[in-house]
Amino acid sequence: MKKLTMCAAAVTVVLSSQVSAAPGDVQLVGFVSPVCEVSGLFTQLLDFGSVVSSGQSVSTNIGLQCNDVDGATVTMTSAEGGLESDDDEDFALTYDATFAPGGGLSSFTLSAPGGPGLNNVSADHSYGGSTTLASGTTGTLSVVTTEGSPWAGGYSDTLTVNITSN
């Protein structure tokens, strides 16, 4: 009888103990598409008109956005190192190109050196990650000639503005 009571007590304890369920989990994910661009610079012609003297200027509106937490670097590159003469290959006039985004982001300038034989002259500026840069801002790209030429003919350059995330 004693064995039967012990057995009944053990069964009662097993049957009355709380049953624990195994824990479960779920992964939660989300995504923000990366954006890193300078907008407003379509293949377009910005015409200085006569470049007999310095101080001729052109400008265009730009947009700047990069949502990388580390920020971005903007690079301006002059293909010819200045306004290259159509008649005197590799001779170029000097100019200053200023990239000026809004929203408190600092501007920077490429001073194209002109002269003979300089190609692919660049200047760059790094912007730290910020909510202004991530949400986007507008500004201007302004170019001013810093010398003139008495020689007839056309003068041209291709100014490329590139942005890369840091």
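**View 1. Asp87 sits in the loop between strand 4 (83-85) and strand 5 (91-93).** The model shown is predicted. Asp87 counts as exposed, because its relative accessibility is 62% and the cut-off for exposed is over 50%. On the surface, Asp87 gathers with Asp86, Asp88, Glu89 and Asp90 in a patch of negative charge.

**View 2. Pro113 belongs to the loop between strand 7 and strand 8 (115-116).** The relative accessible area of Pro113 is 38%, so this residue is classed as partly exposed. Partly exposed covers the range between buried, under 20%, and exposed, over 50%. Pro113 and Gly81 are 32 residues apart along the chain, yet their C-alpha atoms are separated by 5.9 Å.

**View 3. The largest nonpolar core is made up of 28 residues.** Leu64, Val74, Met76, Phe99 and Tyr127 have the most contacts inside this core. Two or more residues each come from strand 2 (57-66), strand 3 (72-78), strand 6 (95-101), strand 7 (108-112), strand 9 (121-127), strand 10 (137-145) and strand 12 (159-165). Strand 2 gives the most, with four residues.

View 4. The protein chain has 166 residues, and 29% of them count as buried.

How values were computed. Residues numbered from 1 in each chain as written. Predicted model: local features only at pLDDT ≥ 70, side-chain atom pairs only at ≥ 80, totals over all residues. Heavy atoms only, no water. Patch = residues over 30% accessible without salt bridge, like charges linked within 9 Å, V, L, I, M, F, W, Y side chains within 5 Å. Areas by Shrake-Rupley, 256 points an atom, 1.4 Å probe, with all protein chains shown as cover. Salt bridge = Lys/Arg side-chain N within 4 Å of Asp/Glu carboxyl O. Lys, Arg positive; Asp, Glu negative; His and termini not counted. Charge placed at Lys NZ, Arg CZ, Asp CG, Glu CD. Buried < 20%, exposed > 50% of the residue type's maximum accessible area, 1.4 Å probe, protein only. Core = buried A, V, L, I, M, F, W, Y, C linked by side-chain atoms within 4.5 Å.
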